[in-house]
Amino acid sequence: MQVHLVKKSSNKKLGGIPSSYTEQKSCPTDCSLAEVCYAKTGYHTRLNWDKVSNHERGTDWHTFCESIAKLKPNTLWRHNVAGDLPHLFGDIDTELLTELVNANVGKQGYTYTHHKLNNHNHG
């Protein structure tokens, strides 16, 4: 899974906090917002996302998590300006998610998901 960490976002809505992109195959195939996806229609977001998805930018999940662990304590950061949580046939990959949660200890990372709530993907 290819992921890219932007150390200082140029997105005005994020105010310069670190943010990430996860490659397009992370998105659920049954996403209800696929037709109006901001990441697909926003020019700069799409350019960055395409480069991550084509492995021209970013790194593997493990190295990404190491970068998150190295952020300063209490750093506010946004995961997945584009992309979603890694999954296996619609079930969130709990091993990779756990790695990210552990890397985020002491930080203030947040994200959203469009994966369906099912017996596996519940909180």
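The legends below describe close-up views of one predicted model. Because the model is predicted, local features are described where pLDDT is at least 70 and side-chain atom pairs count only at pLDDT 80 or more, whereas totals for chains, interfaces and linings use all residues. Residues are numbered from 1 along each chain as its sequence is written, and side-chain values use heavy atoms, with hydrogens and water left out.

**View 1. The open sheet has five strands.**
The 5 strands stand in the order β3-β1-β2-β4-β7, and their pairing is mixed; two strands are said to pair if DSSP finds at least two bridges between them. Helices (H or I, at least four residues) and strands (E, at least two) are DSSP runs, numbered from the N terminus. Because β3 (59-60) and β7 stand at the edges, each with a single partner strand, one side of each is left without a neighbour in the sheet. Helix α2 packs on this sheet, where it touches β1, β2 and β4, and its direction makes about 60° with that of β2. For such angles, axes are lines fitted to C-alpha atoms, for helices over the stretch in contact, and the angles run from 0 to 180 degrees between N-to-C directions.

**View 2. Strand β4 lies between β2 and β7 in the sheet order.**
Strand β2 (residues 19-22) runs parallel to β4 and is joined to it by 2 bridges, with S19 opposite R78 and Y21 partnered by A82. Towards β7, which also runs parallel to β4, there are 3 bridges, and R78 has Y110 as its bridge partner there. Strand β4 (residues 76-82) is largely enclosed by the rest of the structure, because 6 of its 7 residues are buried. Here buried means under 20% relative accessible area, exposed means over 50%, and partly exposed lies in between (1.4 Å probe, protein chains only).

**View 3. The largest nonpolar core has 11 residues.**
A nonpolar core is a set of buried Ala, Val, Leu, Ile, Met, Phe, Trp, Tyr and Cys residues joined through side-chain atoms within 4.5 Å. Among the members of the largest one are V3, L5, W61, F64, I68, W77 and L100. At least two residues come from each of β1 (2-6), α3 (61-69) and α4 (94-103), and the largest share, 4 residues, is supplied by α3. Not counting residues up to four places away in sequence, W61 touches M1, V3, T22, H79, P86, L96, E99 and L100, where contact means heavy atoms within 4.5 Å. A second, separate core of 9 residues includes I17, A39, V52 and A82.

**View 4. R46 and D50 form a salt bridge.**
A search of the whole structure finds 1 salt bridge, defined as a side-chain nitrogen of Lys or Arg within 4 Å of a carboxyl oxygen of Asp or Glu. The closest N and O atoms of R46 and D50 are 2.8 Å apart, and both residues lie in helix α2 (residues 43-53), 4 residues apart, about one turn of the helix. R46 is partly exposed at 29% relative accessibility, and D50 is partly exposed at 23%.

**View 5. K116 lies in the segment after β7 (108-110).**
K116 is partly exposed, with 44% relative accessibility. Leaving aside neighbours within four places in sequence, K116 is in contact with D30 and N121. The C-alpha atoms of K116 and D50 are separated by 24 Å, although the two residues stand 66 residues apart along the chain.
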